Amino acid sequence: KRLIQSKTKTALSTSQRVAQAGKDAGYGMVFIAGIGVFVVAIALIFKEGFGSGSPSAIYGRSLKLLRRDQEVCQMFGKSFKATTGGRRGWNIAHTRYLQDDLIHVLIQYNISGNNRQGVVRVDMKQMEKGKKKYEYSYLIVEANGFPPATIRVIDNRHKIY
């Protein structure tokens, strides 16, 4: 003979229900905290990668300015190449420093074309303390080779300092 045992549901006591509700609330808080950490991490990554003061944004904007500059295009050719020294452009050599309580970002990268090579130096300054807008202090190209040349695409150091 086969005995079939059936499980009967027993009603939970009040103390068991309170304990289960406490566990559920704790798991909910851990879940919400995890979402909060995820959102903060995404915001920081977005700010660093796409903010106006990020090295990659400065690199992109300065490269566009160089491609439009007649003197740079004449010296290096229209199709010059820019390299950051990092893997796939991710590691842009940069330095952040404070001067007069304003953040400055200095980046440097190389360009080459038409048998000439050079170094680009860009310094951007925070426009106002606490603001996220930056302006160029200078954008200078130093061409190697003979004769050596310096092209000042933007030079606002006289206004800034």
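Does E142 count as buried, exposed or partly exposed? At 32% relative accessibility, E142 is partly exposed, where buried means under 20% relative accessible area, exposed over 50%, and partly exposed in between, with a 1.4 Å probe and protein chains only.

1. Basis. This is a predicted model, in which local features need pLDDT of at least 70 and side-chain atom pairs count only at pLDDT 80 or more, whereas totals for chains, interfaces and linings use all residues. Residues are numbered from 1 along each chain as its sequence is written, and side-chain values use heavy atoms, with hydrogens and water left out.

2. Overall layout. The chain has four helices and six strands. These are DSSP runs numbered from the N terminus: helices are H or I with at least four residues, strands are E with at least two. In sequence order the pattern is α-α-α-β-β-β-β-β-β-α. Of the 161 residues in the chain, 29% are buried. Contact here means heavy atoms within 4.5 Å; among contacts between residues at least 6 apart in sequence, 46% join residues at least 24 apart.

3. Surface. The chain exposes about 12,000 Å², and carbon and sulfur atoms supply 57% of that area. Accessible areas come from the Shrake-Rupley method with a 1.4 Å probe, and for residues only the protein chains shown count as cover. A nonpolar surface patch is formed by F31, I32, I35, F38, V39, I42 and I45, with about 750 Å² of accessible area together. One of these residues, V39, lies in helix α1 (residues 14–50). Patches are made of residues with over 30% relative accessible area and no salt bridge; like charges are joined within 9 Å, and nonpolar side chains (Val, Leu, Ile, Met, Phe, Trp, Tyr) within 5 Å.

4. Salt bridges. Side chains of opposite charge can pair when their charged atoms come close. The rule asks for a side-chain nitrogen of Lys or Arg within 4 Å of a carboxyl oxygen of Asp or Glu, and by it the count is two. In one, R121 pairs with E142, and the closest N and O atoms are 2.7 Å apart. R121 is in strand β4 and E142 in strand β5 (residues 134–143), so this bridge ties together parts 21 residues apart in sequence. R121 is partly exposed, at 27% relative accessible area. A salt bridge also joins D155 and R152, at 3.6 Å from N to O. D155 is partly exposed at 26%, while R152 is exposed at 52%.

5. Aromatic rings. There are two aromatic pairs in the structure. Y59 and Y109 form an edge-to-face pair, 4.8 Å centre to centre with 80 degrees between the planes. Y59 sits in helix α2 (residues 55–68) and Y109 in strand β3 (residues 102–113), so the pair links parts of the chain 50 residues apart. Both tyrosines, Y59 and Y109, are buried. Rings of Phe, Tyr and Trp (its six-membered ring) pair if their centres lie within 6.5 Å; planes under 30 degrees apart count as stacked, over 60 as edge-to-face and the rest as tilted.

6. End of strand β4. Q126 lies in strand β4 (residues 116–126) and is buried, with a relative accessible area of 7%. Leaving aside neighbours within four places in sequence, Q126 contacts L102, I103, K131, K133 and Y134.
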